[in-house]
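The structure comes first, followed by the notes.

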Amino acid sequence: MNLKASPLLAIYQPYPIGVSKAEGHYIVDENGKKYLDLFSGLGVHALGHRNQVVIENIMGQLDKYLHLSNAFVTEPTIKLAIQLRKFTFPSKIFFVNSGTEANEAALKLVRKWGKSQGKQVMLVLEDSFHGRTMGSLSLTAQPTIQKPFHPLLTDIKTLKLNDVDDLKRKVNENTCAVFVELIQGSGGIKLVNLEWLEELLRLKERYHFLIVVDEVQTGLGRTGKLFAYEHYRFIPDMVTLAKALGGGLPLGAVVIHEQLEAVFQTGDHGTTFGGNPVAAEAGLTVLNIVSHPNFLQSVQTKSKFLILHLLRLQKEFPSIIKDVRGMGLMIGVDVNQSAKTIQSLGLKEGLLLNTVGDHIIRLLPPLTITTDELLFFIERFRKILTTQAGE
Ligand SMILES: *Cc1c(COP(=O)(O)O)cnc(C)c1O
């Protein structure tokens with residue numbers, strides 16, 4: 001593919017393959033070669049590509065209506081909101097189309113609530129990723145992503161990950177919210193530890209700020225629980241969702257604790273497409289499947305299996321694999337060499353890998369992946385590592 005000749009703005013570095021079909025856990029190229037998909041549309045296809053139940057339900061909705069606008073209340077959207085509330089905490093749901101929009105909405109709500117409380121400063125974690133629009137970008141504390149777009153929103157400060165003293169120094173009466181990804185995705189699969197989170201909760205008791213958990217990537221079963229915050233046993237004030245939520249269609253949501261439901265009044269915020277019924281129908285299907293206890297249990301079992309095998313590879317190739325970390329089926333393999341090189345060797349071996357930073361392979365396979373497929377990945381990955389160790 002000649003990118004210079006492409007009419008598409010050269011913002012991405014796409015895979016050098018043309019896709020003819022994506023089905024289940026595989027993507028098939030124009031030559032009929034099959035690749036095992038280990039990042040599932042960037043964490044979108046929790047149930048794999050073209051899940052049959054999702055497709056049937058989308059088709060069913062297409063027969064009724066596509067878009068109506070938020071001038072109407074549609075059944076799939078209400079049903080999805082009911083289920084999201086049931087699986088989270090007493091809340092109201094606001095639907096959008098993407099992760100960045102979910103965080104924009106949360107940010108606006110925080111700002112308005114903060115004004116009423118006389119609080120102004122928002123805190124985010126170093127290497128966070130909350131989106132690309134100017135508001136969410138202001139919350140994305142990655143200098144390479146932010147720098148070209150200064151000036152950004154002010155009154156946003158950065159916290160060092162898992163540094164309790166730094167947290168204590170920066171939180172005060174003027175703090176209106178802390179935004180966190182409990183497992184940083186784009187930041188390199190780094191986990192917030194329990195000690196830090198507990199300190200955050202103690203400080204919240206004292207200073208009364210909001211905690212917004214960005215579960216755009218970690219949500220919907222990705223970490224082996226329906227939401228990552230469940231691992232930490234606390235209730236956030238807001239949770240933002242997207243990626244897997246729309247079952248492959250654009251859909252995001254903000255789950256807003258009922259204590260905050262009066263902050264946004266009619267006209268304070270809005271969206272034309274947000275919560276569109278077709279995406280909501282797909283999302284409802286995904287949520288109903290991934291929320292089943294047996295399904296979540298299977299994610300945990302596969303997670304253990306995959307991590308065990310990756311740790312074995314680390315023992316075998318200690319000079320290449322520095323670290324294996326993550327939760328559920330959101331796993332980072334930190335390598336001592338170019339992750340991009342390993343990614344392109346993966347292509348030859350029929351593996352679709354995603355990388356973050358220069359040295360991290362980010363695994364976000366479909367949650368429905370089988371242990372045989374995980375073994376296939378391990379076997380091919382081992383082959384790649386063997387070649388690389390010999391270099
Ligand atoms: C992907 C992602 C976003 C942005 O979502 P978009 O749909 O690309 O706007 C925000 N936060 C996290 C944690 C993400 O992984």
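**Overall fold**

The chain has 12 helices and 17 strands, where helices (H or I, at least four residues) and strands (E, at least two) are DSSP runs numbered from the N terminus. Its radius of gyration is 21 Å, close to the 21 Å that the globule rule gives for 391 residues, so the chain is as compact as a globular protein of that length. The radius is taken over C-alpha atoms, and the rule is 2.2 Å times the number of residues to the power 0.38.

This is a predicted model, in which local features need pLDDT of at least 70 and side-chain atom pairs count only at pLDDT 80 or more, while totals for chains, interfaces and linings use all residues. Residues are numbered from 1 along each chain as its sequence is written, and side-chain values use heavy atoms, with hydrogens and water left out.

**Dimensions and contacts**

- The C-alpha trace spans about 60 × 55 × 50 Å along its principal axes.
- Of the contacts (heavy atoms within 4.5 Å) between residues at least 6 apart in sequence, 72% join residues at least 24 apart.

**Burial, surface and charge**

- Of the 391 residues, 54% count as buried; buried means under 20% relative accessible area, exposed over 50%, and partly exposed in between (1.4 Å probe, protein chains only).
- The accessible surface comes to about 18000 Å², with 55% of it belonging to carbon and sulfur atoms; the areas come from the Shrake-Rupley method with a 1.4 Å probe, and for residues only the protein chains shown count as cover.
- There are 42 positive and 38 negative side chains, and the centres of the two sets lie 1 Å apart.
- Lys and Arg count as positive and Asp and Glu as negative, without His and the chain ends; each charge is placed at NZ of Lys, CZ of Arg, CG of Asp or CD of Glu.

**An open sheet**

- An open sheet of 4 strands has the order β1-β2-β3-β15, with mixed pairing; two strands pair if DSSP finds at least two bridges between them.
- β1 (19-23) and β15 (351-352) stand at the edges with a single partner strand each, so one side of each is left without a neighbour in the sheet.
- β2 (residues 26-29) and β3 (residues 34-37) run antiparallel and are joined by 3 bridges.
- Y26 has L36 as its bridge partner in β3.

**Local backbone features**

- The peptide bond from H150 to P151 is cis, with omega near 0 degrees, and P151 lies in the loop between α6 (143-146) and β6 (156-159).
- R50, in the loop between α1 (40-43) and α2 (52-62), has phi near 50 degrees, a positive value in a residue other than glycine.
- At 37% relative accessibility, R50 counts as partly exposed.
- D127 has phi near 65 degrees, also positive in a residue other than glycine, and is found in the loop between β5 (121-125) and α5 (134-139).
- D127 counts as partly exposed at 25% relative accessibility.
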